[in-house]
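Please view the structure below before reading on.

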Number of protein chains: 2
Amino acid sequence: MEEHITARIPARVIDRLPLYVRVLSQISGSERQVVTSSELGDRLVIHPAQIRKDLSYFGHFGRQGHGYDARELLQALVWVLGLDRQWRMALVGVGQLGRAILGYQGFVPEGFWIVEAFDLVARRVGRRIGELTVKDARRLEEALSQNPVDVGIVAVPAQETPGVIAQLATCGVEAVLNYSPAAIHAPPGAHVRSMDPVLVLQSMTFLT
Amino acid sequence: MEEHITARIPARVIDRLPLYVRVLSQISGSERQVVTSSELGDRLVIHPAQIRKDLSYFGHFGRQGHGYDARELLQALVWVLGLDRQWRMALVGVGQLGRAILGYQGFVPEGFWIVEAFDLVARRVGRRIGELTVKDARRLEEALSQNPVDVGIVAVPAQETPGVIAQLATCGVEAVLNYSPAAIHAPPGAHVRSMDPVLVLQSMTFLT
């Protein structure tokens, strides 16, 4: 069933679902139960018609003019996005950026755990960072066959990035979050998303 | 005229424009001149009809069945996005994440320069990082009145973030790139975009 849903929902809609989850979590924690698309739209700066269209992919949650049951909608989106489970992640690259990623406070509360750390640079291998010991990235496949992960985070220099992503794909890691400024073509079967501050800046400078 | 354009173009369209610029730069550097929406769509994994609709906001670049003049289209988008100029940025927060941002190789080639660095932590003030000396964030307004910037980059702990963004807005900084996991309401007149790895991960885990 999930495959069926994936096939017909545009990527732009999927991108917005986590935003809905975040706002609905805030609302359903309070005593209120019903939320309208206008209210969601105000909070997220998304047009209410867009919100109704996005949510219509997931069945008939709202009744015209009555709004949505916030808790019911939240539970459904959490299930659809797989947020009711824990996701295991491997970080490749423990330079300055990689160590900042290891220190990021936002992952664990949302169910994302970094359980392995690797580097290509020999002098970093064997170092202890928090509860992790940095392993040799050339032995990635061996390590991940014993301790599989769902997600790879890549924070290596641009020129190393395609090789590392290919290696992760070989290990069956289907989702990769790329922090390097390299332009990436995802290997078959893998999803690569880049944290690219320049694209964000370029879309903002237009507005100033 | 730019204000007029801003008012009627959906934010989602603006978000895609830098992607078009990136691909067109690659194409127009080669000998080829004409590019079709199908070709752009293949490279960007965006539906060609969406691309034609997006580009129609900016006048009549393509002729039906003939594709776009890559160089002409690139020049127009560069002008619209203001990418033909240099953007001056101030970084607030030079902890581990802030130092990783200072070391990021992707900003300068795209015309984004970090020209000031601030921190709230006393022991970091006065430190030299590359060509910058870290200044006291409590004297942000004084420093930015002498050395104005277009963009603020915020890499302070979540609880400090709203205060720092408000301070930047007071100094007339209209575009802020936020790296903290804090949920932000932009002050009036300011545009705040967050680099939020969790939102990216959540939209990807759905696909795996």
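A nonpolar core is a set of buried Ala, Val, Leu, Ile, Met, Phe, Trp, Tyr and Cys residues joined through side-chain atoms within 4.5 Å, where buried means under 20% relative accessible area with a 1.4 Å probe, protein chains only. The model is predicted, local features need pLDDT of at least 70, and side-chain atom pairs count only at pLDDT 80 or more, whereas totals for chains, interfaces and linings use all residues. Residues are numbered from 1 along each chain, chains are lettered from A in the order in which they are written, and side-chain values use heavy atoms, without hydrogens and water.

The largest nonpolar core has 46 residues, of which A:Phe107, A:Ile153, B:Phe107 and B:Ile153 touch the most other members. Beyond its neighbours within four places in sequence, A:Phe107 is in contact (heavy atoms within 4.5 Å) with residues including A:Ile153, A:Tyr179, B:Pro197, B:Val198 and B:Leu201. A separate second core of 26 residues includes B:Ile14 and B:Tyr57.

| Item | Value |
|---|---|
| Chain B residues in contact with chain A | 49 residues |
| Chain A residues in contact with chain B | 48 residues |
| Area buried between chain B and chain A | about 5400 Å² |
| Salt bridges across the interface of chain B and chain A | two |

Buried area is the accessible area (1.4 Å probe) that two parts lose on being put together, summed over both; carbon and sulfur atoms give 71% of it here. A salt bridge places a side-chain nitrogen of Lys or Arg within 4 Å of a carboxyl oxygen of Asp or Glu. A:Asp196 forms one with B:Arg22, the closest N and O atoms being 2.8 Å apart.

Conventions:
Buried means under 20% relative accessible area, exposed over 50%, partly exposed in between (1.4 Å probe, protein chains only).
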